[in-house]
Amino acid sequence: MERELLLHPRLLGPHVTDHLKEKLLQSVEGTCSGRHGYIITVTQIISQSKGQIKEGSGITSFTMKFNAIVFRPFKVGRGKEAGVGEQGRGRGGVNPGPACHPVRPAPEGEVLDAIVTKVNKMGFFAEVGPLPVFVSKHAIPADMVFDQNSNPASYVSQVTDEQPIRIRPDSEVRLRIVGTHFDVNEIRAIGTIRDDYLGVIT
């Protein structure tokens, strides 16, 4: 991965490398790239170009090449894997392409734990770290019914005589990724809990 950084003339000097490293961490960590995914942390700075002064301003441009740990969800098909990995040069087992270095197999789809943020009659929204996921009502088990009269609104399953199971804001759920959409600065995912071992984490 690489990023162009601009430095003010007052920051040029013996500590220019330290200033560039600090600015790189501030500008990329926690951001999202549609190509690479969410950049969690920079692990290694590979190279730093010579500065080029922009005419008329004195601002100096540097190109920094670096490796980073990224989070990129996948709808996983046959022969593919998914996970969190390191993005950068093709050495030491690091995948040089836009996908993450695989860390585990997932033959049908990546399974993640999420926190529910919003529930409505169309389904519910959840977050996996920085990743927003929507689960449609058609991807929720048939025994779970939307209860608009509860406060807050929730999906309720009463399949036993015990306490009913509810999906509501702040509930923890285990879901499977079935689709992803990549924009320039955002990733969104579609999930399902209509499968064995998925649903509310109790």
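## Basis of the model

The model is predicted, so local features are reported at a pLDDT of at least 70 and side-chain atom pairs at pLDDT 80 or more, while totals for chains, interfaces and linings use all residues. Residues are numbered from 1 along each chain as its sequence is written, and side-chain values use heavy atoms, with hydrogens and water left out.

## Overall composition

Helices (H or I, at least four residues) and strands (E, at least two) are DSSP runs, numbered from the N terminus. Of the 202 residues, 36% are buried; buried means under 20% relative accessible area, exposed means over 50%, and partly exposed lies in between, with a 1.4 Å probe and protein chains only.

Among contacts with a separation of 6 or more, 52% come from residues 24 or more positions apart.

## Helix 1

Helix 1 covers residues 16-28, which is 13 residues. From first C-alpha to last it reaches 18 Å, close to the expected 18 Å; the expected span is 1.5 Å times one less than the number of residues.

The buried residues of helix 1 are Val 16, Leu 20, Leu 24 and Val 28. They lie on the same side of helix 1 because they cover an arc of only 75 degrees around the axis, the arc being that of the directions from the helix axis to the C-beta atoms. An α-helix has 3.6 residues a turn, so residues three or four places apart point the same way. The buried residues of helix 1 pack against strand 1 (2-7), strand 3 (37-48) and strand 5. After helix 1 comes Gly 30, with a positive phi near 90 degrees.

## Strand 12 and its partners

Two strands pair if DSSP finds at least two bridges between them. Strand 12 pairs with strand 11 (residues 144-147) in the antiparallel sense over four bridges, and six residues separate the two strands in a hairpin. Within this pairing, Val 145 stands opposite Val 156. Strand 12 also runs antiparallel to strand 13 (residues 165-167), to which three bridges join it. Here Tyr 155 has Ile 167 as its bridge partner.

Ser 154 and Val 156 point one way from strand 12, and Tyr 155 and Ser 157 point the other way; all are buried. The whole structure holds three aromatic pairs. One of them joins Phe 146 and Tyr 155, which are tilted, with 5.3 Å between centres and 50 degrees between planes. Rings of Phe, Tyr and Trp (its six-membered ring) pair if their centres lie within 6.5 Å; planes under 30 degrees apart are stacked, over 60 edge-to-face, and the rest tilted. Tyr 155 counts as buried because its relative accessibility is 3%, whereas Phe 146, at 26%, counts as partly exposed.

## Two buried serines

Ser 154, in strand 12 (residues 154-157), has a relative accessible area of 1% and is therefore buried. Its side chain makes a polar contact of 3.0 Å with the side chain of Arg 166. A polar contact is a pair of N or O atoms within 3.5 Å; within protein, one must be able to donate a hydrogen and the other to accept it, and residues adjacent in sequence count only if both atoms are side-chain atoms.

Ser 61 lies in strand 5 (residues 60-72) and is buried at 8% relative accessible area. The side chains of Ser 61 and Glu 4 are joined by a polar contact of 2.6 Å. Beyond its neighbours within four places in sequence, Ser 61 touches residues including Leu 5, Leu 6 and Lys 50.

Technical notes: Contact means heavy atoms within 4.5 Å.
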